[in-house]
Amino acid sequence: APDSAAAVFEKGRRLHEDDADDLRTAKVSAGDGAWIMRKCSAALSGWCSISFGETRTVFELHFPAKLHVSRAQVLAYALPAGTLGIGIDDSKVQR
C-alpha cells in the first residue's frame with residue numbers, strides 16, 4: 001500500500017507491492033489511472049484527491065463547469081424513483 005494518498009498519483013503507481021511484478025495484472029493495468037486523472041483535472045483547471053478509510057475509499061474529481069440550466073431547474077430536479085447508481089472498480093484494494 002502507498003505511504004500516503006499522494007503516492008497514488010505517481011505515474012505507474014501500483015497499490016499492492018505483490019502486483020508490481022505480476023504480469024497478469026500488468027496486462028490489465030499499468031497503474032497510471034490516478035496519474036491520468038490528476039493530469040486531466042489540472043488541464044480542466046480543477047483538482048482531484050483520494051482518501052483511504054477503514055471501510056471505504058473516496059476519490060474526488062473537481063473541475064469548473066458552466067451550468068446550462070437555471071438555478072431553479074437544478075433545485076427542482078429529483079432523480080426518478082427506481083434510479084440506480086452503479087460504480088465499478090477493477091482494483092483489489094477497493095474491495
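Reader: In this structure, where does aspartate 32 lie?

Author: This is a predicted model, and aspartate 32 is placed in the loop between helix H1 (23-26) and helix H2 (33-43).

Reader: Before we continue with that residue, how many helices and strands does the protein contain?

Author: The protein has 3 helices and 2 strands. Read from the N terminus, these elements follow the order α-α-β-β-α.

Reader: Is aspartate 32 buried or exposed?

Author: A residue is called buried when its relative accessible area is under 20%. Aspartate 32 has a value of 17%, so this residue counts as buried.

Reader: Which residues is aspartate 32 in contact with, leaving aside its neighbours within four places in sequence?

Author: Aspartate 32 is then in contact with Lys11 and Gly12. With lysine 11 there is also a salt bridge between the side chains, at 3.4 Å from N to O. Lysine 11 belongs to the segment before H1 and aspartate 32 to the loop between H1 and H2, so the pair ties together parts that are 21 residues apart in sequence.

Reader: Is lysine 11 buried or exposed?

Author: Lysine 11 counts as exposed, because its relative accessibility is 56%.

Reader: How many salt bridges does the count give?

Author: The count comes to 1 salt bridge.

Reader: Let us turn to the strands. In what sense do strands E1 and E2 pair?

Author: One begins by finding which residues of the two strands are bridged. Here E1 (residues 47-52) and E2 (residues 57-62) pair in the antiparallel sense, over 6 bridges. As an example, serine 51 has valine 58 in E2 as its bridge partner. The two strands form a hairpin, with 4 residues between them.

Reader: How do the side chains of a regular strand lie relative to the two faces of the sheet?

Author: In a regular strand, side chains alternate between the two faces of the sheet.

Reader: Which residues make up the largest nonpolar core?

Author: To read a core, one looks for buried nonpolar residues whose side chains are joined. In this protein the largest such core consists of 5 residues: Val8, Phe9, Ala34, Cys48 and Ile50. Cysteine 48, leaving aside its neighbours within four places in sequence, is in contact with several residues, among them Phe9, Met37 and Ser41.

Reader: Where is serine 41 placed, and is this residue buried or exposed?

Author: Serine 41 is in helix H2. Its relative accessible area is 2%, so serine 41 is buried. Leaving aside neighbours within four places in sequence, the contacts of serine 41 are Gly46, Trp47, Cys48, Leu61 and His62.

Reader: Finally, what can be said of the protein as a whole?

Author: Of its 95 residues, 15% are buried. The protein exposes about 7,900 Å², and carbon and sulfur atoms supply 57% of that area. Among contacts between residues at least 6 apart in sequence, 32% join residues at least 24 apart.

Methods:
Residues are numbered from 1 along each chain as its sequence is written. This is a predicted model: local features need pLDDT of at least 70, side-chain atom pairs count only at pLDDT 80 or more; totals for chains, interfaces and linings use all residues. Side-chain values use heavy atoms; hydrogens and water are left out. Two strands pair if DSSP finds at least two bridges between them. Buried means under 20% relative accessible area, exposed over 50%, partly exposed in between (1.4 Å probe, protein chains only). Contact means heavy atoms within 4.5 Å. Accessible areas come from the Shrake-Rupley method with a 1.4 Å probe; for residues, only the protein chains shown count as cover. A nonpolar core is a set of buried Ala, Val, Leu, Ile, Met, Phe, Trp, Tyr and Cys residues joined through side-chain atoms within 4.5 Å. A salt bridge is a side-chain nitrogen of Lys or Arg within 4 Å of a carboxyl oxygen of Asp or Glu.
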